[in-house]
Amino acid sequence: MCMNKDFNYKELVKKYYTELGIGEWKRLVKDPYHRLEFDTTMYFLKRYLPKMGLILDAGGGPGRYTIELAKLGYDVVLLDLTPKLLEIAKRQIRRAGVKHRVKQILEGSIDDLSMFSDEMFDAVLCLGGALSHILSKASRERAISEIIRVAKREAPIFVSVIGRLAVLISELVNFPQEIEIEDVFRRVRDTGDYYGGYGFAPCHFYLPEELEKSFRGKGVEILEIVGLEGLATLHRKELNRLHKKYPKAWRIWWETHLRTCTHPGAIGISEHILIICKKL
Ligand SMILES: C[S@@+](CC[C@H](N)C(=O)[O-])C[C@H]1O[C@@H](n2cnc3c(N)ncnc32)[C@H](O)[C@@H]1O
């Protein structure tokens with residue numbers, strides 16, 4: 001498969017998440033390993049969000065963060081590419097009793113936020129790799145500009161993407177035979193681009209320095225970069241065992257995770273990398 005002008009990667013992304021459906025709603029809470037992404041993101045959201053205000057959850061899918069933030073008293077606008085996930089979000093928002101806090105649920109793409117005026121939001125989120133699912137570099141740049149444009153001055157911006165080195169390690173650990181699909185493996189290794197077709201939606205996998213560079217000089221101050229799985233990356237079985245059998249060790253690991261997740265080594269290997277900026 002190659003990337004030519006007829007290659008409609010957004011349709012493939014939509015198809016992937018439509019088929020995943022409720023699986024995407026469960027993803028962040030399916031076990032302690034997956035909760036690391038959610039809990040670490042929430043930890044940093046709580047550190048940098050203003051006390052109240054209107055938040056845009058762009059690429060928010062089935063609405064895990066929308067609902068959690070609505071429960072904390074924020075007003076939220078949820079936008080996503082995949083209508084099926086927005087249907088699930090509507091149900092879960094009703095179920096959670098936070099419908100009054102969710103001001104709009106919109107179908108759209110993060111590279112065109114023209115439905116929102118400049119400086120409309122007190123914080124903007126784009127979490128869990130929505131930005132990674134934009135394959136064209138120019139469109140990713142546009143998405144970043146849009147996310148920054150709709151944030152108020154001083155507002156925090158949180159964007160998490162999928163890390164490239166973790167994908168390479170995952171091939172070694174989980175899918176060694178896929179390394180033999182040389183052109184795909186080498187393209188991911190050398191450019192970060194994956195065109196789909198082997199069990200995941202088209203994606204651009206980021207190196208941390210690439211993520212940082214893409215926000216530099218854009219009218220924001222970079223506050224932190226965080227490896228959301230950190231040192232536990234791709235140690236799912238071991239982390240889940242720690243949680244199940246060793247509660248004291250688990251607490252000490254969480255403390256260790258928070259102390260190390262901003263270390264360049266931990267950021268580099270993480271499956272998800274979060275950048276936190278403040279609009280100037
Ligand atoms: C792994 S899910 C993350 C959902 C949510 N942000 C979270 O962290 O739980 C990736 C989401 O990105 C959405 N997405 C992919 N490309 C997008 C685009 N161009 N614009 C908006 N959403 C997009 C998908 O529909 C999906 O909901």
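This is a predicted model: local features need pLDDT of at least 70, side-chain atom pairs count only at pLDDT 80 or more; totals for chains, interfaces and linings use all residues.

My entries on the ligand and then on the aromatic rings follow.

Entry 1: I looked up the residues around the ligand and found 21, with Gly-59, Asp-80, Thr-82, Ser-109 and Leu-127 coming nearest. By kind, I noted 10 nonpolar, eight polar and three charged residues in the shell.

Entry 2: Which atoms face the nitrogen and oxygen atoms of the ligand? I found a polar backbone atom of Gly-59 at 2.8 Å from a ligand nitrogen. Leu-127 also uses its backbone: an N or O atom there is 2.8 Å from a nitrogen atom of the ligand. With Asp-80 it is the side chain, which places a polar atom 2.6 Å from a ligand oxygen.

**Entry 3: cover.** How much of the ligand's accessible area does the protein cover? I read off 98% of the 590 Å² that the ligand has on its own.

**Entry 4: aromatic rings.** I counted six aromatic pairs. I picked Tyr-16 and Phe-200, whose ring centres are 5.3 Å apart with the planes at 90°, so I logged the pair as edge-to-face. Tyr-16 belongs to helix H1, while Phe-200 is in the loop between strand E6 (193-194) and strand E7 (203-204), so this pair ties together parts 184 residues apart in sequence.

How values were computed
Residues are numbered from 1 along each chain as its sequence is written. Side-chain values use heavy atoms; hydrogens and water are left out. A residue is near a molecule or strand if one of its heavy atoms lies within 4 Å of it. A polar contact is a pair of N or O atoms within 3.5 Å; within protein, one must be able to donate a hydrogen and the other to accept it, and residues adjacent in sequence count only if both atoms are side-chain atoms. Accessible areas come from the Shrake-Rupley method with a 1.4 Å probe; for residues, only the protein chains shown count as cover. Ala, Val, Leu, Ile, Met, Phe, Trp, Tyr, Cys and Pro count as nonpolar, Asp, Glu, Lys and Arg as charged, and the others, Gly among them, as polar. Rings of Phe, Tyr and Trp (its six-membered ring) pair if their centres lie within 6.5 Å; planes under 30 degrees apart count as stacked, over 60 as edge-to-face and the rest as tilted. Helices (H or I, at least four residues) and strands (E, at least two) are DSSP runs, numbered from the N terminus.
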